[in-house]
Amino acid sequence: MNSFNDAIAQAVAATGAFELEQAKKLITVPTDTEHGNFTLPCFVLARSLHKAPKVIAEELAPKIELPNGICKVEAVAGYLNFFIDRKFLAKSILEAVFSQGLEYGHAESNGKVVCMDYSSPNIGKELAFHHLRSTMIGNSLSRIYKAAGYKVVRINHLGDWGTAFGKLIVMYLREKRPTDQATLDSLTVKELNILYASFSKAAEAEPGLEDEARATFSKLEKGDDFYHQLWLAFRAATLKELMRIYKMMGVDFDYYTGESFYEDKMPAVIQDLEAKGLLERSEERDVVKLDEYKLNPCLIRKSDGSTLYATRDLAAAIYRKKEYNFDKSLYVVDLGQALHFKQVKLVLKKMGYNWHDTLVHIPFGVILNLIDGKWEKGKTRTGKAKLLRDVIEAAQQKILDFINQKNPELENKELIAQQIGISALTFNDLKNHRLMDVKFDWDSALSFEGATGPYVQNAHVRLCSIMRKAGYDVTLQDVNFDQLLDDAAYELIKLLAKKSEKILKACETDEPCELAQYALDIAGAAHKFIHDDRVLGSAEEKSRLFLVKCTQIILEDVLVLLGLFPVRNM
């Protein structure tokens with residue numbers, strides 16, 4: 001649809017009344033199609049031409065040479081209203097979808113690189129339900145950026161370094177657990193969770209235990225071989241479970257380079273800060289002061305010599321710029337870390353890195369649960385439930401119960417139920433602007449009606465079902481585009497034409513919700529088309545089946561860009 005906008009702007013500019021860029025900015029899409037598909041107000045010309053906008057529009061309308069695809073222009077109350085030729089639109093869009101398939105609407109490579117840092121859980125712990133937000137927002141944005149023409153580098157910046165490992169090591173040794181390699185290789189993340197809980201309980205009775213943990217991590221950071229062996233085992237046990245969950249969710253990464261990866265790169269950062277006179281001593285800690293920005297100092301090194309998050313993020317940013325030469329580096333991290341990223345960017349600026357502004361924090365709100373009639377942060381109602389795997393299993397079971405009622409003979413129903421459940425959780429998250437808190441309620445999230453993942457997937461399943469029942473594959477030669485000009489078909493085709501602009505809008509705003517709403521719009525228009533225009537058995541069967549096929553292709557790819565599973569049966 002953007003091509004129509006540009007063509008109209010060029011036609012209007014050719015009259016000499018408007019500058020080309022001026023016309024592009026003024027053209028809008030009216031909510032009521034009776035006023036055309038595009039409209040351009042003439043009010044800005046009233047002062048320079050000394051005429052009423054109504055007169056200006058009436059004089060300009062006959063002078064405009066209509067571009068291909070625009071069948072008429074009307075002057076109404078100071079506006080120029082342009083109408084698309086329905087057949088031209090149907091033919092051009094559906095032919096493009098047929099030839100390009102899932103790639104329709106995707107941009108060609110722009111030669112730019114974006115680093116996408118998302119999920120990034122802490123090692124030694126299972127994924128909690130709140131990790132869903134960073135994981136799925138980042139997963140969707142990585143797909144959207146790729147569709148928008150970027151080369152995407154997907155990074156899981158694991159929290160695999162820090163005092164937390166001192167706690168695990170202290171507790172593991174205190175409980176006299178075996179340290180032979182076979183035992184370490186068989187460790188599970190569940191056992192590590194128990195160690196964390198045991199440490200917290202013990203530390204309440206022994207405050208000195210926290211100091212012991214800090215001292216233990218300091219030894220690990222300084223290269224203690226035995227502690228390093230334990231750390232490797234804890235990391236491997238967690239990664240095994242993480243990768244199982246990620247695979248289940250359809251989430252991928254190019255690199256699992258966590259904080260530990262930058263351990264040997266941090267000394268150079270600290271030396272650089274010292275050489276540039278930026279490192280100062282404050283309360284026995286090394287900091288970079290940010291007084292000129294009215295911010296607290298950025299902590300670089302603790303009194304015992306160990307590093308902090310900022311040190312590692314500085315090293316990571318510098319490494320990624322050298323390694324990938326990114327044009328943008330996105331950090332999909334919750335809103336609570338906004339100050340941290342401001343500090344890191346400003347320290348890079350003070351270090352003289354002119355690319356500091358290409359680092360972009362992508363913040364998001366929290367997940368709220370309905371507890372005793374109030375929306376608040378807390379556990380979901382699934383028993384254990386604060387773990388993501390428990391929520392996924394509960395969602396799968398609820399969908400499986402539905403399938404057993406409606407279609408008990410469905411093949412692979414456990415897998416399909418899992419995919420629908422995960423997609424429902426994901427869509428419930430992504431349909432909101434990311435800065436908004438997400439209200440999670442089982443009944444609404446898993447409903448097959450309303451603005452939900454199951455509703456969108458049901459539309460895709462319905463399209464696939466019609467194609468299966470037809471029993472043949474319709475081709476371009478089978479289509480009579482004159483049979484696709486009624487309102488239901490036209491409204492659907494207009495939506496399909498917007499795929500490219502929706503992808504670009506989602507990319508420009510870093511908002512997957514742009515595509516989530518687009519998926520809902522397509523699903524609604526598809527349901528209406530199927531209801532209003534009988535496909536199978538009609539005189540227009542092949543033409544309408546072709547529109548069904550093109551809609552299925554578009555909807556499938558939009559679902560994939562969101563990180564949903566485009567199931568074909570349910």
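Helices and strands are here runs assigned by DSSP, a helix needing at least four residues and a strand at least two, and both are numbered from the N terminus. With that in mind, begin with the whole protein chain of this predicted model, whose secondary structure comes to 22 helices and 13 strands. Its C-alpha atoms fill a box of roughly 85 × 65 × 45 Å along the principal axes, and of its 570 residues 53% count as buried.

Next, select residues 38-41, 70-76 and 79-84, which are the strands β1, β2 and β3. Together they make an open sheet of 3 strands in the order β1-β3-β2, with antiparallel pairing. Because β1 and β2 stand at the edges and have a single partner strand each, one side of each is left without a neighbour in the sheet. From one strand to the next, the twist averages 20°.

Stay with β2 and β3, which pair in the antiparallel sense over 6 bridges; to see one bridge partner in place, select I70 together with I84, its partner in β3.

Now show L80 and F82, the residues with the most contacts inside the largest nonpolar core, which has 156 residues. Around L80, leaving aside neighbours within four places in sequence, the contacts include F38, T39 and L40, as well as A57, L60, A61 and I64, and also V73, E74 and A75.

Note on methods
Residues numbered from 1 in each chain as written. Predicted model: local features only at pLDDT ≥ 70, side-chain atom pairs only at ≥ 80, totals over all residues. Heavy atoms only, no water. Pairing = 2+ DSSP bridges. Axes fitted to C-alpha atoms, helices over the stretch in contact; angles between N-to-C directions. Core = buried A, V, L, I, M, F, W, Y, C linked by side-chain atoms within 4.5 Å. Buried < 20%, exposed > 50% of the residue type's maximum accessible area, 1.4 Å probe, protein only. Contact = heavy atoms within 4.5 Å.
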